[in-house]
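Subject: Structure handover

Hi,

Here is the structure I promised to pass on. Please open it alongside this note.

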Amino acid sequence: MVQSLKTIKRPIEIELKSFEKRFRDDMRSNVPLLDKITYYIVQRKGKQVRPMFVFLSAQLFGKINDATHHGASLVELLHTATLVHDDVVDDSYERRGLFSLNAIWKNKIAVIVGDYLLQKGFLIALQNKRFQLLEIVAEAVKQMSEGELLKIERSRQYDIDEKKYFEIIRKKTASLIAAACAVGTASTSEDEKDIEKMNAFGEKIGIAFQLRDELFDFGINSPRNPLGIDLKEKAMSLPFIYTLNRVSLAEKRKMINHVRQGKKANEVIALVQANGALEYAQKIMIQYQKEALAILKTIPDSKAKESLEDLVNFVIQRKK
Amino acid sequence: MTMTKSLNTIKHPIADELKIFEKRFEAALESEVSLLQKINTYIFQQKGKQMRPMFVLLSAQLCGEVNEGTYHTATFVEMLHTATLIHDDVVDDANERRGVASVNALWKNKIAVTIGDLWIAQSLLICLKNKRFQLLEIFSHAVKEIIEGELLQSEKTRKLNIKEDIYFEIIRQKTASLIAASCAAGVASTTGDETIIEKVKLFGEKIGIAFQIRDDLFDFGTDDVGKPLGIDIKEKKMTLPLIYALNNASRSERKRIINIVKRHNDKPEKVNEVIEFVRASGGLEYAEKAMLEYRADAFEILHTFPSSPARESLEDLVTFVTERKK
């Protein structure tokens with residue numbers, strides 16, 4: 001049975017509440033313009049999935065403490081910073097329903113604000129001497145940037161193998177969730193093995209999360225209309241890549257052409273379906289889910305562990 | 001007036017160290033991602049004046065021998081500074097940097113912002129992996145100031161109602177704090193004496209402010225060489241000569257000039273009007289005098305150290321910074 005997010009959050013309810021307040025304080029500054037902007041950012045906060053991973057991972061090994069809170073702030077600030085920077089460069093006009101920063105304040109300010117949040121996260125870690133946490137998260141930022149560049153480099157060619165694909169999503173998408181789990185663990189455990197283990201757990205669940213998202217885009221278990229989603233987005237997905245590497249050369253050329261011209265999405269989707277690529281991606285996703293759960297099995301039982309198991313299942317079975 | 005030595009002469013006592021630094025710097029950014037490697041190589045070729053690594057190395061030599069900690073400091077500061085420039089070019093929509101195409105001009109904004117983020121993360125990792133925690137503490141303060149200075153500037157520039165004390169606050173935060181931290185962290189790699197570290201930091205701040213005023217003066221072409229004139233006006237950046245001139249003008253004159261900066265900053269003949277106005281008001285002489293005061297303060301701090309080749313080079317560097325032609 002899939003538990004609701006509310007049930008999953010129960011063991012860390014109080015901590016998440018106090019985190020929300022802390023996070024708001026973290027973003028505060030004495031520059032009125034900046035305060036106006038961060039107000040917008042806090043307003044449009046999403047589900048806070050990453051702080052959940054931080055707090056639950058921490059609780060697996062001990063009691064949530066100041067370091068856990070600093071870790072959560074750090075992860076969330078960097079996550080927000082990258083979102084803001086994404087807005088700038090992609091020229092996207094909407095994110096989570098509210099106007100994106102650049103629509104209101106223009107690119108200029110958004111680069112600065114993204115940098116501010118990035119530096120602010122680093123500052124919180126430095127001022128509290130959380131060097132280990134900072135190293136974990138700085139490594140994640142490096143990986144995310146590398147993943148982004150790899151993706152740009154590869155997507156120009158519309159031709160990548162599965163190995164490259166996994167490298168890209170491991171770096172671009174999974175590394176921050178991995179860092180969230182590692183940071184939480186490092187706040188309550190000194191055992192390097194625990195930290196590594198939870199880093200691997202986060203990575204697996206991050207990859208599964210990405211695969212779930214891709215399957216949504218092809219209309220699997222989803223109210224989303226697969227025809228409504230940009231073909232170019234689909235071109236970097238596992239189902240697309242799997243298909244591309246299985247069809248005839250002529251069909252491959254046709255698929256790439258359709259993507260380039262942004263036309264005939266239905267033909268592309270039909271090819272993906274006919275080649276069993278969606279079943280394949282689902283199989284891989286479930287494999288990652290199982291691997292994530294197997295890691296949790298090596299850790300003593302607790303309420304936090306139960307919640308993390310539920311969170312893993314939630315990620316796979318969610319409907320949006 | 002002191003004789004200005006060339007940058008190469010000033011670099012002489014640290015020539016070997018600068019070479020080692022350059023190698024470390026490039027090695028620190030090696031990547032398997034070919035696009036990244038390509039852009040990094042491009043950026044290395046455009047290496048600037050290396051002013052900050054010079055301040056780090058020379059400050060270190062004030063109190064001892066350049067060591068691993070000094071190199072980590074120099075690498076960290078140059079990487080962070082370059083990342084800032086890459087982002088600045090996106091912010092300012094600038095197509096040129098150091099006479100060649102900027103990263104955003106060649107590879108677009110998205111890539112430029114991402115590269116900057118990556119360099120910032122990498123600079124931190126160098127300190128963290130080598131456990132240079134004191135270095136990080138010195139710079140964490142500077143980084144906070146840089147960002148707040150940038151925001152303060154964005155806000156004030158929109159209104160153009162800037163006063164001299166705000167101007168000095170902005171440039172102290174934006175420009176001087178990184179040079180101050182470079183000097184402080186440099187000397188901290190060879191001494192544990194807090195008093196000395198503080199003193200060298202203050203030296204860096206003074207020279208950082210002088211550096212910025214020199215930059216401001218270029219916009220009005222006192223030397224008829226170097227940068228094209230009026231760039232700051234076009235970008236609505238408030239400079240000391242302009243601020244002085246505005247604060248000493250009649251109300252109607254002030255209104256007229258502010259109106260040009262706000263609404264007609266894309267018209268060369270209008271920008272020239274502003275330049276003429278600043279020249280006529282004595283704004284250049286005023287800014288020059290302020291710069292020399294900061295320079296005198298910087299010299300005074302240096303003179304509390306015993307004479308040495310490093311001290312002499314720092315003195316020359318101070319002179320160079322305030323008399324440079326570009």
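How many residues does the largest nonpolar core have, and which residues have the most contacts inside it? The count is 192 residues. Those with the most contacts inside this core are Val75(A), Val137(A), Ala179(A), Val183(A), Ala208(A) and Ala184(B). Keep in mind that this is a predicted model.

Take Ala179(A) as a way in. Leaving out residues up to four places away in sequence, Ala179(A) touches Val75(A), Ile136(A), Val137(A) and Ala140(A).

Next, the contact between the chains. Chain A gives 35 residues to the contact, and chain B gives 33 residues. On the chain B side, four helices each supply at least two residues: α3 (34-45), α5 (68-91), α6 (103-129) and α7 (133-159). By class, that side of chain B has 19 nonpolar residues, seven polar and seven charged.

Now two backbone points in chain B. Most residues other than glycine have a negative phi. Gln50(B) is not a glycine, yet its phi is positive, at about 55 degrees. Gln50(B) sits in the loop between α3 and α4 (51-63) of chain B. Gln50(B) counts as partly exposed because 19 other C-beta atoms lie within 10 Å, and buried would need 20 or more.

Lys131(B) is the other one to look at. Lys131(B) also is not a glycine and has a positive phi of about 55 degrees. Its place is the loop between α6 and α7 of chain B. Is Lys131(B) buried or exposed? Lys131(B) is exposed, because 12 other C-beta atoms lie within 10 Å and the cut-off for exposed is 12 or fewer.

Best wishes

Methods
Residues numbered from 1 in each chain as written. Chains lettered and ligands numbered in written order. Predicted model: local features only at pLDDT ≥ 70, side-chain atom pairs only at ≥ 80, totals over all residues. Core = buried A, V, L, I, M, F, W, Y, C linked by C-beta atoms within 7 Å. Contact = placed C-beta atoms within 7 Å. Nonpolar A, V, L, I, M, F, W, Y, C, P; charged D, E, K, R; others polar.
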